[in-house]
Amino acid sequence: MGDVARDESQEERADRNLAELLQELRVAGLGVQVLFGFLLSLPFTNRFTQLSPGQRNLYLGTIVLAAVATALLLGPVAYHRLVFRQGQKERLVRAANIMAITGLGTVGLAVSAAVLLVTDYVSGGLTAALITAFVTILFAGLWFVFPLAHRR
C-alpha cells in the first residue's frame, strides 16, 4: 500500500518514512562497516606485501569506495542529529533518501571491487572477471533494476 492510500497526516508520514529509512540504514551501515573494517586490517597482514602494484591500486580504490559508502549511509544519522527538532523532517527524509540510495550503490561497487581484488589474487584472469561481473550484475539487478522495474 502506497503513501497516498494511508490515513495519516503529512507529519505522520514523514515520521514513518524517517523511522523506516533509519531502520534500513542500520542494516546497510553494519554491512559496510564490517567490509570497511576488514579492508582497513588488510595492509597489516603478511600477504599484503605479495599484492601486485595493480592489486594495490585496486585495494586503494576499494577502500575509498567503502569509506564513501560509510559516509553516505551514516550521513542521514548525522543530519538527523543536527536538525533534530528544527522542523526539517521532510527535507531530512528527502536528503536521507538520496544519501541512502547513493550509499547502497557505492556499497555494491565496494563489494564488487573487493571481490575483484580477492579473486584476482586467488586465481586472476577470466575467472576473476567472470565472478566479479556476476557479483556486480547481481547487486545491480537486485538493488536497482528489479525494484525500479516494479515501481508504480
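Modeller: T102 lies in helix α3, where helices are DSSP runs of H or I with at least four residues, strands are runs of E with at least two, and both are numbered from the N terminus. The model is a predicted one, in which local features need pLDDT of at least 70 and side-chain atom pairs count only at pLDDT 80 or more, whereas totals for chains, interfaces and linings use all residues. Residues are numbered from 1 along each chain as its sequence is written, and side-chain values use heavy atoms, with hydrogens and water left out.

T102 counts as partly exposed because its relative accessibility is 39%; the class covers values between buried (under 20%) and exposed (over 50%), with a 1.4 Å probe and protein chains only. In sequence, T102 and A69 are 33 residues apart, yet their C-alpha atoms are 7.9 Å apart in space.

E90 is also placed in helix α3. With 32% relative accessibility, E90 is likewise partly exposed. Leaving out residues up to four places away in sequence, E90 touches Q10 and A14, a contact being heavy atoms within 4.5 Å. Between the C-alpha atoms of E90 and L18, which are 72 residues apart along the chain, the separation is 8.8 Å.

Helix α2, residues 53–83, includes H80. H80 counts as buried because its relative accessibility is 17%. Beyond its neighbours within four places in sequence, H80 is in contact with L18 and L92. T62 is buried, since its relative accessible area is 0%. The residues that T62 touches, not counting those up to four places away in sequence, are L39, A110, A113 and A114. For A114, which is 52 residues from T62 in sequence, the C-alpha to C-alpha distance to T62 is 6.1 Å.

The pockets come next. On a 1 Å grid over the protein atoms alone, a pocket is an open set of points where a 1.4 Å probe fits, with protein on both sides within 12 Å along at least five of seven lines, and lining residues have an atom within 4 Å of a point. Grid points are joined across faces, edges and corners, and a volume is the space filled by probe spheres set on the points. The largest pocket holds about 950 Å³ of space. Its lining has 23 residues, and those closest to its centre are E24, N97, I101, P147 and R151. At least two lining residues of the largest pocket come from each of α1 (10–41), α3 (89–122) and α4 (125–149). Helix α1 supplies the largest share of that lining, with seven residues. By class, the lining of the largest pocket has twelve nonpolar, four polar and seven charged residues; here Ala, Val, Leu, Ile, Met, Phe, Trp, Tyr, Cys and Pro count as nonpolar, Asp, Glu, Lys and Arg as charged, and the others, Gly among them, as polar.

In the second largest pocket, the space amounts to about 190 Å³. Helix α3 contributes the most to the lining of the second largest pocket, namely four residues. Among the residues of that lining are F38, L42, F48, L117, V118, Y121 and V122. Eight of the lining residues are nonpolar, one is polar and one is charged.

For the chain as a whole, there are four helices and zero strands, in the order α-α-α-α from the N terminus. The radius of gyration is 19 Å, against the value near 15 Å that a compact globule of 152 residues would have; the radius is taken over C-alpha atoms, and the globule rule is 2.2 Å times the number of residues to the power 0.38. The C-alpha trace spans about 60 × 35 × 15 Å along its principal axes. Of the 152 residues, 31% are buried. Among contacts with a separation of 6 or more, 68% join residues 24 or more positions apart. The accessible surface is about 9,900 Å², 66% of which belongs to carbon and sulfur atoms, as calculated by the Shrake-Rupley method with a 1.4 Å probe.
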